[in-house]
Amino acid sequence: MIMNRKFLLTLALIMLSCIMTVQGRTWSLEECLQHAMTSNISLQKAGLTRQTNEETLQASKAVLFPSLSFTTSHNVAYNPWRAYGTSTVTGSQVESSTSKTSYNGTYSVGANWTVWNGNRNHNTIKQNDLLTQKAEQDSVAQARAIEEQIATLYIQILYSKEAVKVNKESLEAAKVNEQRGLQMVQVGSMSKAECSQLSATRAQDEYKVVQAESAVQGYKRQLKALLEIIDDDDFDVADTESTDAMALQPIPSLQSVYDAAKANRPEIKRAQLAVQSAELQQKIARGQYYPTISLNASAGTSSASLNKNKWGEQMKSNFSVGAGVTVSVPIFDQRSSRTAVNKANIQRQSALLDVQNEEVTLHSTIEKYWIDANSNQNQYKAAKVSTTAAQDSYDLLSEQFAVGLKNIVELQEGKTRLLSAKQSELQSKYMTILDIKMLDFYQK
């Protein structure tokens, strides 16, 4: 299967190779992509479509050669009231006999060759070749779309797993605060009602951990479905460290990405091939205005039971060979040729509009990734500063809460700000990495 190797190698630097665990197999991104290219049902059906188009191409090439066929027919007739028969002279006597059953057999070999038909056969070959190329581009486009979905789900899983870690850290902090609260209740420095708030926060954090883990399983299920994996074995993706440099790398310009994509994307290529196919269809349709010249030749013989000559003698005496030329000139075809030409012109105009539509769609898609990449990168830069400030503030609040200088409300607010800052940093970081890689993917 055709895949963008440069794109895979680039992402492979982020997603490393697979690891075999006791619980089950751990998949790298490259392994997911390779498996999808060989196992995805949609891609397999696209491969069958390519084979069908290739067979159509070979059939159109074969039309250039003469056709050759052998025909034989054997007939038996029964005539119970036949009025005549055969006579045989024996010495001075004539013996007559009437056969109620007769047999007739014919044997012939015929050939036919269309020499010229307005160049329609040659143009049909060219058109079928373009359709084969278009089917190939359809397959590539489908493979690219699946690669994008896999990359998106893969990075989403990594982000969700990091979110689980953040929620677990928040849970651990909530448990510590709850224990502190219980100790403070024992010494009388905190009411049971305030301590109950700490217990409720701990329970909420446990629920958030369950939610985050459920999100991971949901994304894994989607990825397994895309990979056509239906077994019950444990499925996981390789954990990799996404560095700041990955999210803070320079973002290519929108125009440079679009120019590269316009020259290389299969969606554009297949639309352009459709235009060329429509132009050939115009030539094929105009070919109906021209005469068709064909050659034919045949050789045949026959035998009959009513003929008293031996079978070999009949085959020899009845043998004949013929050849001829046929010229068919269209005079009035009930407007079929003109209709075909007009439809071909309309088809070409439609194909040209499809090219424009693909270019607009491509530009819109790239522009979205480019805007999201810049926005998420700026958000990530701000989120890093916000997380650092929120962490310092929460650490100070925890120390002050432990000695009774801060109340539970202030502690909870600080904890909420820290959790929100960490989640924003994670989301903007992974979304920036995904957007940048998608832009890189569209350039290849």
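Start by selecting isoleucine 146, which counts as buried at 6% relative accessibility. Keep in mind as you click around that this is a predicted model. Isoleucine 146 belongs to helix α4, residues 120-186.

Now show what packs around that side chain. Leaving aside residues up to four places away in sequence, isoleucine 146 touches Ala36, Met37, Asn40, Leu43 and Leu226.

Next stop, the surface. Select Trp113, Val115, Trp116, Tyr289, Tyr290, Leu295, Val325, Val327, Val329, Ile331 and Phe332, and you have a nonpolar surface patch of about 1200 Å². Colour by element and you'll find that β6 (101-116) and β9 (320-328) are the ones giving two or more residues to the nonpolar patch. Which of the elements gives the largest share? That's β6, with three residues.

Zoom in on valine 115, in strand β6. Is valine 115 buried, partly exposed or exposed? Its relative accessible area is 42%, so valine 115 is partly exposed, falling between the 20% and 50% cut-offs.

Centre on aspartate 233, which you'll find in the loop between α5 (192-226) and β7 (234-237). With 53% relative accessibility, aspartate 233 counts as exposed, because the cut-off for that label is over 50%.

Note on methods:
Residues are numbered from 1 along each chain as its sequence is written. This is a predicted model: local features need pLDDT of at least 70, side-chain atom pairs count only at pLDDT 80 or more; totals for chains, interfaces and linings use all residues. Side-chain values use heavy atoms; hydrogens and water are left out. Helices (H or I, at least four residues) and strands (E, at least two) are DSSP runs, numbered from the N terminus. Buried means under 20% relative accessible area, exposed over 50%, partly exposed in between (1.4 Å probe, protein chains only). Contact means heavy atoms within 4.5 Å. Patches are made of residues with over 30% relative accessible area and no salt bridge: like charges are joined within 9 Å, nonpolar side chains (Val, Leu, Ile, Met, Phe, Trp, Tyr) within 5 Å. Accessible areas come from the Shrake-Rupley method with a 1.4 Å probe; for residues, only the protein chains shown count as cover. A salt bridge is a side-chain nitrogen of Lys or Arg within 4 Å of a carboxyl oxygen of Asp or Glu.
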